[in-house]
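Please keep the sequence and the model in view while reading.

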Amino acid sequence: MASIAADMPIAPADRREARIAWILAAPAITLLFLFILLPTLAVIILGFTDFELGYGGFRFVGFENYAELIGDRTFRRSLWNTAIYTAIVTPVSIVLALAIALLIEAETRARAFFRTVYFLPVASLLVAMATVWQFLFHPTIGPINTFLGYLGISGPNWLGASGTVLYGLSIIGIWQSVGFNMVLFLAGLTAIPRELYAAAEVDGARSWFDRFRLVTWPMLGPTTLFVTTISIINSVKVFETVKTLTEGGPNKASEVLLFTIYQEGFVYLRVGYASAMTVVFLAILVVLMFLQYRVLDRKVHYA
Amino acid sequence: MTAHSLTLGRMLRFGLLSLGALLFLAPYIFMISTAGKAQSEIFSSSLSLIPEQWSFAENFTKALSRVSMPTLLMNGVIVCALIFLVQVVVAIPCAYAMAKLKFRAARIMMVLVMLGLLVPIHATALPLYVAFDRLSVLNSYTALVAPFSISVFAIFLFLQFFRAIPDDLIHAARLDGMSEAGIVARVIVPNAWPAITAFAIFSVVAHWNDLFWPLVVVSNQDFATPPLGLLYFRAAEAGDDYGALMAATLIITLPLVAAFLVAQKRFVEGITMTGLKG
């Protein structure tokens, strides 16, 4: 009976609904192909060519671009610098954000004020604030070195010396991203049921640290994983501060992945070669996302 | 726990938070203070925050004369508004079809959306640049807006939200004789305001701040967005005229910061809700 009913009058209505669904989704599907899928495919294909903007033709060169990448000192430097930057910014901004979120959550006074202040950098134009940091970091007239001078320390030439430039950029990166992570942690903290703390106390978790270790930290697991992934991806994408303040210098000491791609592709116009770099960049993002899913799958939330 | 340790702990906590807040605010404090100082005073490198002789007028005049600030801010508003409008108009019907209609392609669309979430503009920029160059649409609002007309993130966010809207509401509207387009406009959209505002904040913050794409497709001041304009200003401002530079950064940072301070609750909610993508 059911099969008869399904064959009869419902089918045309279903077909009509399917047609309307296609019409409603058509603009999105078209644009998705045009601006995401096709260009992604194109970048992979271009990575196998010697295409240069301004020259007419191009030919396929197989893995030549990738072979060149392996020996390219600028690119290797760029990967290494991006890794260092990420290795500094991600853990520091996560630990700081968690600490601030815990302090704000426990604080009764001026909560909204503190939340606003720490979040302010997220809502500020990074290129503009980078310019302010450049002044703060100025070796002779900058407030940071002036302050260090009062303490009897002669401060470094932060953004101008190859030994310190990555640390300077990392400080800006941390300052800019803590508020964002903090807001996510605050949301995670509010979602923890109060009864769990009471239960932990009954079970003998007396100190603040016991309660953190037994309740807060495990319950925050999903948030922490999420914040970690976003922080890593955002650090790998560092570009604005480098382009504005250092242009990869001095002496390639702040050359980072996106900046190198930008230079090769849009300044030297070596589109084929820059496409190969882009494929490496995409591969890094895919691996990071894959790792996140794996961890999410394995680690049950409240382990 | 004794009352004594409680107050000591609370004082320590409040002290730490205040110290941190001061450090986080320091760049803004120095920006405002330096924007009011004369060149000679800046070079005396003192830590005093209040200018000895007020030069705000002078610095702001310089900042406004080098680069057309009203044009920059206007471009920023136009580009962000266009991007947001197109994104919403394209994403909402699609998310509705995926969430509420019998749509066979919904599954494969979901896969495409998840794939799309992985691909940032930096990855598609090279082919898009070559194509835009061939079509000679570089240096235009079209070039600035087009690649962002599709936001897979918007589809993803709205999809989650639409699934929670009760089917009965839609059936009732259908019985009243409403078309599917009418349902989207008159039933779905009014019910989806929280998701739409959250996405608006995410989208505007992202595109107002974006330097990469404008840098790629725009090479003259007429179409420069605020971040790019500031880059031009820095280039024109050879040397260390930090007074004028700080005045310019102040003008350019102010609109979004003001918007944030006015609507901070919504901002924080929006960022929490859309936190998925940075």
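Is Val184(B) buried or exposed? Val184(B) is buried, because 21 other C-beta atoms lie within 10 Å; the term buried applies when 20 or more other C-beta atoms lie within 10 Å of the residue's own, exposed when there are 12 or fewer, and partly exposed in between, with C-beta atoms placed from the backbone. This is a predicted model, in which local features need pLDDT of at least 70 and side-chain atom pairs count only at pLDDT 80 or more, while totals for chains, interfaces and linings use all residues. Residues are numbered from 1 along each chain as its sequence is written, and chains are lettered from A and ligands numbered from 1 in the order in which they are written.

**Surroundings of Val184(B)**

Val184(B) belongs to helix α10 (residues 180-191) of chain B; helices are DSSP runs (H or I, at least four residues) numbered from the N terminus. Leaving out residues up to four places away in sequence, Val184(B) touches Ile92(B), Pro93(B), Tyr96(B) and Val189(B), where contact requires C-beta atoms, placed from the backbone, within 7 Å. Trp54(B), by comparison, is 130 residues from Val184(B) in sequence and 56 Å from it in space, C-alpha to C-alpha.

The helices α4(B) and α10(B) pack at about 85°, and their axes are 11 Å apart. Axes are lines fitted to C-alpha atoms, for helices over the stretch in contact, and angles run from 0 to 180 degrees between N-to-C directions. The two helices α4(B) and α10(B) are therefore roughly perpendicular, a term for angles of 65 to 115 degrees, whereas angles over 145 count as roughly antiparallel. In this packing, Ile92(B), Pro93(B) and Tyr96(B) of α4(B) meet Val184(B), Ile188(B) and Val189(B) of α10(B).

**The largest nonpolar core**

The largest nonpolar core has 162 residues, of which Cys94(B), Ala95(B), Ile155(B) and Phe158(B) touch the most other members. Such a core is a set of buried Ala, Val, Leu, Ile, Met, Phe, Trp, Tyr and Cys residues joined through C-beta atoms within 7 Å. Helix α4 (residues 69-100) of chain B gives the most to this core, with 14 residues. Domain 1 (10-45) and domain 2 (87-254) of chain A each supply at least three residues to the core; these bounds come from an automatic or database domain assignment. The C-alpha centres of the two domains of chain A are 41 Å apart. Apart from neighbours within four places in sequence, Cys94(B) is in contact with Leu24(A), Ala25(A), Ala28(A) and Ile155(B).

**A helix pair in chain A**

Helix α8 (residues 165-190) and helix α11 (residues 221-236) of chain A have axes that come within 10 Å and cross at roughly 160°. The helices α8(A) and α11(A) are therefore roughly antiparallel. Residues making the contact include Gly173(A) and Ser177(A) of α8(A) and Thr223(A) and Phe226(A) of α11(A).

Most residues other than glycine have a negative phi.

Notes: Two residues are in contact if their C-beta atoms, placed from the backbone, lie within 7 Å. Angles under 35 degrees count as roughly parallel, over 145 as roughly antiparallel, 65 to 115 as roughly perpendicular and the rest as oblique.
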